[in-house]
Every structure is written in structure tokens, then in C-alpha cells.
Amino acid sequence: MIPAVKLSPATAAFPGTNLRSKSALVPLVSSLKPTKSAVCSLRPLYLAPLNGPHASELKPRRQQLEFQCAASAAEDRESKAEVVPAPSEAAAKLKISIYFATWWALNVIFNIYNKKVLNAFPYPWLTSTLSLACGSAMMLFSWATRLVEAPNTDADFWKALFPVAVAHTIGHVAATVSMSKVAVSFTHIIKSAEPAFSVLVSRFILGESFPMPVYLSLLPIIGGCGLAAATELNFNMIGFMGAMISNLAFVFRNIFSKRGMKGKSISGMNYYACLSIMSLVILTPFAIAMEGPQMWAAGWQTALKEVGPNVLWWIAAQSVFYHLYNQVSYMSLDQISPLTFSIGNTMKRISVIVSSIIIFRTPVRPVNALGAAIAIFGTFLYSQAKQ
């Protein structure tokens, strides 16, 4: 943007200067004939040398004109910059809220269909394998069709990912075994004790120390889980131990992930995809050894007789939603702090426990509900104390 500048003859030309003798090669503006397309109504413009007797009067005006042009250009840049809106804090909060709502909803749907599958087809090793296989196939297809940009990995990445995948596989299978033996609500009540395992492993194995409020927050977690387990109507030791092993395995998964993946640049979506692929490779031979095709075939025939073809839809749904809810949780880690994620994980367990009790009509004693509430509240205190 260049501002219009009007110069009068009195300020541009001065008496006593011989313009025609020193500027003979420059035609006068008044001698130019206007064209048909443009008509000039301005007065004639005369040129004066800067080293003439009146140069001191010209230079200040010249500097002032240049300053006005620069200021106008700066204003123009500022006006253009204001057109692009900056992301507001409200938009960031809305994005986090969408992540949380999607994460919780997908997790609730997965747990419902997973329990339906395990009630009709009680083979947790195969169910766990199908969940990982479905997620791996979805991501391989996304990479092949360029819906998602494939990660740039090397041998060191997969080597560092291996212990993470081992721990993830154990935790996944143990949680599925637990839900095949006990109610979904009970499994998640016991899994709310994961912070206690994290502190104990970090303290006695890794030698880390924590402030006193962190240790005090473990008391309601352990006490609440113990009260819920002691008053559970359909208590099963295999289900209880499966949830406890899952807690321990996921603690080691987080430790291995922090140590081995430090400094490696990869998105949360692709990281979980690689983790699923490696876990599938690890789990498949163990699933065949623990259950095997003969057991699966017999169980499939029984499920078709009792439930019908709906069991196939249930297996597909639980496999797809398992991958989606984990994928969203890893993607949310790219957007929020670990503290916010921990609080969101606590709220997720509450939504799963409440929804599973309502849908499956799980009988709950008041003292059992009290134990669950104490444990979950202790998890919230832990997240605040570790801040």
C-alpha cells in the first residue's frame, strides 16, 4: 500500500533555480499530451537538484515521505496478519473434550462386546489375538492406501519396541482372561489399582522415590480394591489374578516405553500400530499352544447354536473397537499432559464400571460399591499428588 502524496509547485520548485538548463533531458510534465484513456488534472511537476541551494528544505520532506510509506506498509502487514485467526484456548479445550468423549465411548462399547463374546465363546487367547490382528490389518491398509503416513522406522526402533510389546501382550491377555471369569465392573475395579503397582515397582525395583502424599494416596486405592474383592458376589481367583497381572504388565510396559522410546519421533497413532503388529507376532504362537484350533472349532459350533450368527458381529465389533479406543488414547497423549491423561483414565473406568453394571444387570452390594468408590477416589488423589 503506497499513500498518495500531493506536492504543490511552491514546495517542489524554488525561485532562482535554472531547471531547464540543468534538466534539459527531462521533459516537462506540461508538455506531455494526455491519452484518451487517462486524463491528468494535476499541476506540472518540476524537478530540483538535491545539492542546490534549497536542498536543506527538500531532505526533511523526503525523509518524512519515506517514513509514511514504511508505516503504511507496516499497517498493511498487520491488517493481513489479523485475518488469520489464532487458535483460542476454548478451541483447545473443545478438542481435548472430544478426545476424552471418543475415548470413553469407544472403551465402553469395546468392553460390552468383549464380554458378550467371552460369554458365548470363552476363549480369551483367541479373542485377544483377533483384537490385535484386526488393528494391525486396519493400520497396514491405511499405510498402503496412504490414508495415514507410514512411520519411518529402523532396526533400533523395533529392538526398543520389543520389551514394550511383550509387556503389552501379557497385560492384554491377562485382562481378557480376567473378564472371561468375572464381571467387567470387578475387573476394572481391580485395574484401578495400577497406580499402586507403578509406585511399588518404581520404588523397590528402579529405586525411585516419591513425596509422602503419593504414598498416602495408595492407602484408599489398596483398601478400596480389597473391600470390593472381599464383597464380590461372583469372585473368581483366576479373574482376580488376571486383573492383577494385567496391572503389573502395563506398569512395565510404561517403564519400557519411557526408557526405550526416548528420543524417537513417531506419532501416537503409528506407535500403537507398530506395537499391535509386534504384539500379534508374539501372541499368535502362544494362543495356538494354549487353546488350539480344535478347541476353537468346538467352541464356535456351540456359540452358533446358542447365540446364532450374531456372535460373528460381536467378535468383529470388539476387535475393531479395541483398536480404536487404544488408538485414540495414544493420540490423546500427543495433545494433553500425562496428568490430564491420568485423570481421564480414572473417569474412563468410572464410565465402564457404571455402564457395565447397568447393561449386564450385575448385582452389586452397597459395601461393594463403597469399595469401588474408595479405590477410584484414591486413584484421583494419586494423580493429584504426583502432579
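Author: A residue counts as buried when its relative accessible area is under 20%. This is a predicted model. Start with Gly308. Its relative accessibility is 10%, so Gly308 counts as buried. Gly308 sits in a loop, between α12 (292-306) and α13 (310-332). Ala120 is 188 residues away from Gly308 in sequence. In space, the two are 9.9 Å apart, C-alpha to C-alpha.

Now the largest nonpolar core. This core has 45 residues. Phe121, Leu161 and Leu275 touch the most other members. Several elements give two or more residues to this core: α4 (89-120), α5 (124-144), α6 (155-181), α11 (268-290), α12 and α13. Among these, α11 gives the most, with eleven residues. The helices on either side of the Gly308 loop, α12 and α13, are also on that list of contributors.

Another core lies apart from the largest one. It holds 20 residues, including Phe186, Phe197, Cys225 and Ala243.

Last, a serine. Ser356 lies in helix α14, which covers residues 338-360. Its relative accessible area is 3%, so Ser356 is buried. What does Ser356 contact, leaving aside its neighbours within four places in sequence? The partners are Val184, Ser185, Arg361 and Thr362.

Note on methods: Residues are numbered from 1 along each chain as its sequence is written. This is a predicted model: local features need pLDDT of at least 70, side-chain atom pairs count only at pLDDT 80 or more; totals for chains, interfaces and linings use all residues. Side-chain values use heavy atoms; hydrogens and water are left out. Helices (H or I, at least four residues) and strands (E, at least two) are DSSP runs, numbered from the N terminus. Buried means under 20% relative accessible area, exposed over 50%, partly exposed in between (1.4 Å probe, protein chains only). A nonpolar core is a set of buried Ala, Val, Leu, Ile, Met, Phe, Trp, Tyr and Cys residues joined through side-chain atoms within 4.5 Å. Contact means heavy atoms within 4.5 Å.
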